[in-house]
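Subject: Structure for you to look at

Hello,

Here is the structure I promised to pass on. Please open it next to this email, and my notes follow below.

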Number of protein chains: 2
Amino acid sequence: MNPMQSVSMKHIELLTNGSVTTPRGFSAGGLHCGIKKRKLDLGWIYSEVPATAAAVYTVNQFQAPPLLVTKESLAHENTIQALLVNSGIANACTGKQGLQDAYEMRQLFSKELGLAEHHVAVASTGLIGTHLPMDRIQQGISQAHAPENQTAERFEKAILTTDTCEKKLAVQCEIDGKLITIGGAAKGSGMIHPNMATMLAFVTTDADVAAESLSVALKQVTNQTFNMITVDGDSSTNDMVLVMANGKAENDTLTEAHPDWETFTGALETVCQSLAKQIAKDGEGATKLVEVLVEGAETVAAARQISKAIISSNLVKTAIYGADPNWGRIVCAIGYSGQPVIPEKVNVSIGPIAVVENGLPLVFDEDEAKEYMMQETVHISVDLQEGSGAATAWGCDLTYDYVKINASYRT
Amino acid sequence: MNPMQSVSMKHIELLTNGSVTTPRGFSAGGLHCGIKKRKLDLGWIYSEVPATAAAVYTVNQFQAPPLLVTKESLAHENTIQALLVNSGIANACTGKQGLQDAYEMRQLFSKELGLAEHHVAVASTGLIGTHLPMDRIQQGISQAHAPENQTAERFEKAILTTDTCEKKLAVQCEIDGKLITIGGAAKGSGMIHPNMATMLAFVTTDADVAAESLSVALKQVTNQTFNMITVDGDSSTNDMVLVMANGKAENDTLTEAHPDWETFTGALETVCQSLAKQIAKDGEGATKLVEVLVEGAETVAAARQISKAIISSNLVKTAIYGADPNWGRIVCAIGYSGQPVIPEKVNVSIGPIAVVENGLPLVFDEDEAKEYMMQETVHISVDLQEGSGAATAWGCDLTYDYVKINASYRT
C-alpha cells in the first residue's frame, strides 16, 4: 500500500496542526509533577466515552511493568477510556515494586476520573532501573483536572525525554459519508530501532472500529511505519503504540469487510508514517532525516531487511552527516544484510543522482551529490532488479551530538 | 577452551615483539608505491618454501576480486609461498576490470619472485569502487626485492588504513620436542563486525600442519576471536584471515589426531585473540577496549549472540566513552539480543562492581564505577544463571572521533 497514493485517491486530508484531541470526544493534558527538574512529566488522554483500543508492545524481553499493566487493561474487553503517561523514569527493571507502582498509577488515575481500573492504560519512559516517586505522581494526578493543564500540546510535551520537539498531526477522511479524524502524538529520540516499540506513540480516532479489526490494522501499519525506523539500533524496554477509537463519528462499525476499510487503514498509516518520520528526524543528535527505499527485491521481507541494514549502518549514517556520497558503504550494507542479492544487478541512487548501476560505480558530479546531501532529508534508493518487493525505512545521521547526548545521559 | 589456561598449562610463550617473520623461513616487507599519498601501501610475506595455507573470507556478498583470486590460489593445492597486500584502495565493486587487476597483481608478483601464480595470494583494503593504479603497483613490485624494504614492521605498516598503530605478536610452544612459532599481523579500524572477515589478518607458522586440519583449526579459532569483535557493525567486502604453515620446525605433521593438537590450536587462538583485541582496541576513534563476558547461558551460541548484542550497542558504547555505569543499557541489549533469557535471573557486573542481581539494580558506588570505567580496558560480565554456555566478545567505545573520521573518510 502506497500512502501517497492513498492520499490522492481516497481524499485523506493532512492536518499538520492536528493532534490527539482533533478527533471528537478526546481531551488531553499534561503537567509537571516533579519526576524531571522543570519540564512537564505527566500527561494523559481522556475519551468522553469508552473507546475500543489496540496496542503493540516492545519485543525486548525486559518489558517494563507499565506495559504489563496496560496489556491487562486491554485484555479485559479491549476498551479503555483514559491513558496516563509519565516521562523521566521508565519504571523498567524495577521488580515487584515497579509492578506495584504501575498498578498504583492506574488505580490513582482511574479513581481521579471515576473510571474502572481496566479502563485506564499507563506508560512510562525515561531512565531504566529507578523507582517512580509515587508521592509526586499522586500529587500530580490530583492536579490533572485543573483547566490550565488541559491542552494536547501539554500532553505532547509531557511524554518527551531527550526529544527536541513534539511529534503530532491529524488526518481526516470520509467514511459512510461521515467525516472521521485520526490524531496522533509520539516521542522517540534514543533507543529507536526496527522491531516495534522503541518509542511511545498514541493514536486517537472518532471512528467506530471493531476491536479485532483495529488490532489487525495497527499491527499491519506498525510493521510498515514504526518498525521501519531506526535511530541507534537499540530496542527499548518500554515502548508501545496504542490506538483508541471512540466511535463518535457514528460511522458503521469498521471491519475488514467494510467498503471503506482501505481508506481507514490508509489514513491510519498516514498518521503512523508521519509520526515515525518525525521520530526518526528528531533522533538523538540528528541533523537529517534519511529515507531508504529498496525496490526490485524478491520479496517485501527481503526489501525490508536490506533497507533496515542500510539505515542502521553507522558508516552510512556518518557519511550522511558529512554529506559524503560514499556509495561504497551503502553497497557494503546491502552485501551483509543477510538477504541474498545479485551484486551485478544492484542499482543505487542518492537523491536524483545515480551512483551505482549493475553493481558498478557511475561517474557522477561529487559536488552536486554533496550539495544534495546537505538538505534536511536525504533519499537513498536501491533497485535490486530481481522482483517486485519494495520497502521504505527511515532513520537519521550519526553525529557528534549523538555521542555527546549519550555519553552523559544520566549526569 | 580458555586461552589463559592454555598459556599456563601448555607453556605457550607470548612474544609481544614477535611478528610474522619470527617463525623460521618467513620474510616480509613493505614500501610506498603511490596508492596513498605518503604512507606505505604495498606489503608482502614470503616463505622460503611452499607453505600449507588456509583462509576464511568475509560473508559480505560483494566479495572483492582479490578474495576470489586468493580463493583460486588456495583451491589449487592449499599451498602458497607468498602474499601481496595493498592498502588505500579495496578493489571492491570494480567489476571485470577489478578482477583483471587482482589477477595482474598476482601475476606480477609471482613473476618477480619466480613462483607459480597459484603460489601467490593477494589482498586489498581501502576505499570501495575505485580501480587500482596498476602502473604504480607494477612499479612497486619491481622494488620489492630492495634490502631496505625487508622488515616485518614495514609489512605491518603497509597493510594499515585508518589504523593508528600496527597489530602484531608471536607465540611459541613445544610440539614433538620441537620449538614451533606462530606469528601474526593484522589491520582493522573501521567496518569491523562479528561474522568474520571485517579486517585483514595474516598468520605465519613454522609448524608442519596438514592442510585440512589447518583449515579446521582456523575456522574454529576465527569463530572465537575475529568473529567476536565489533567496531561499528559493518562487515566489509574485503576481509580475510590467512594462515601459512611452512613446516620449517620439522615436527610430525599436525592433525587432530596429534597428541599436541590442542597445544597448537591453543597457540593459534592466542595469536588470533591478541590480534582481534588489538583491532578492537584500535577501532576508529576508540579510547577503550571493551570486553564482554557472558556466562551461564543455555548454549555457547546464546552466549555469543548476547555478548555481541551488548558490544554492538551504540548506547552501551557511548556510555563507556562517557565512563557512565549505565547498566540499564546493558540489560536492554540483553533483552533485545534475540536469545531468550529469564530477566529475573540476570546478573551484571562492570569490572569488579556488581550492578544488577537477579534482574534488579544493586546499590553501588557510582564514583567507584566511574573511576573503573576510565581505565583503558573495561570488562562487563553477565551471568544468566541458566546453563554453562559462555562466550567473550570484544569491542570499543563510540566517540566523537569515530564520527569525525567517518564523516569525512574520503575527503
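Start with one term: a residue counts as buried when its relative accessible area is under 20%, and as exposed when that area is over 50%. Partly exposed covers what lies in between. Keep in mind that this is a predicted model.

**Helix H10 of chain A**

How many of the residues of H10(A) are buried? Ten of the ten are, so this helix is largely enclosed by the rest of the structure. Among them are A:Trp327, A:Arg329, A:Cys332 and A:Tyr336. After H10(A) comes A:Gly338, and its phi is positive, near 95 degrees.

**The two chains together**

Now look at both copies. A rotation of 180 degrees, with 0.0 Å of shift along its axis, puts chain A on chain B with an RMSD of 0.0 Å. The two copies are therefore related as by a two-fold rotation axis. Which residue of chain A has the C-alpha nearest the axis? That is A:Tyr400, at 2.6 Å from it. Both copies use the same surface, since 100% of the contact residues of chain A recur in chain B.

The contact draws 56 residues from chain A and 56 residues from chain B. Between them, the chains bury about 4600 Å². Carbon and sulfur atoms account for 60% of that area. How many salt bridges cross the interface of chain A and chain B? The rule finds zero. Polar contacts are there, however: eleven residue pairs are counted between the chains, with both residues at pLDDT 80 or more.

Several elements of chain A give two or more residues to the side that touches chain B. They are helix H9 (314–321), helix H10 (327–336), strand E13 (360–361), helix H11 (366–373) and helix H12 (400–407). H10(A) gives the most, with eight residues.

**An arginine in H10 of chain B**

Go to B:Arg329, which sits in helix H10 (residues 327–336) of chain B. B:Arg329 is buried, yet it has no salt bridge. How far away is the nearest side chain of opposite charge? That side chain belongs to B:Asp324, and it is 5.2 Å away. A salt bridge would need a side-chain nitrogen within 4 Å of a carboxyl oxygen. The side chain of B:Arg329 does reach the backbone oxygen of B:Leu315, at 2.9 Å.

**Helix H2 of chain B**

Helix H2 (residues 65–77) of chain B has buried residues, including B:Pro65, B:Leu67, B:Val69 and B:Leu74. What do the buried residues of H2(B) pack against? Their partners in chain B are strand E3 (42–57), strand E4 (79–89), helix H3 (95–113), strand E5 (120–127) and strand E9 (240–245). B:Asn78 follows H2(B), with a positive phi near 55 degrees.

**Two loop residues in chain A**

Check A:Cys93 next. It is not a glycine, although its phi is positive, about 55 degrees. A:Cys93 lies in the loop between strand E4 (79–89) and helix H3 (95–113) of chain A. Is A:Cys93 buried or exposed? A:Cys93 is buried, with a relative accessible area of 9%.

A:Asn358 is not a glycine either, and its phi is positive at about 50 degrees. A:Asn358 is in the loop between strand E12 (353–357) and E13 of chain A. With a relative accessible area of 38%, A:Asn358 is partly exposed.

Best wishes

Definitions and conventions:
Residues numbered from 1 in each chain as written. Chains lettered and ligands numbered in written order. Predicted model: local features only at pLDDT ≥ 70, side-chain atom pairs only at ≥ 80, totals over all residues. Heavy atoms only, no water. Helix = DSSP H or I, 4+ residues; strand = E, 2+ residues; numbered from the N terminus. Buried < 20%, exposed > 50% of the residue type's maximum accessible area, 1.4 Å probe, protein only. Lys, Arg positive; Asp, Glu negative; His and termini not counted. Polar contact = N/O pair within 3.5 Å; in protein donor to acceptor, adjacent residues only side chain to side chain. Least-squares fit on C-alpha atoms with pLDDT ≥ 70 in both. Contact = heavy atoms within 4.5 Å. Buried area = accessible area lost by both parts, 1.4 Å probe.
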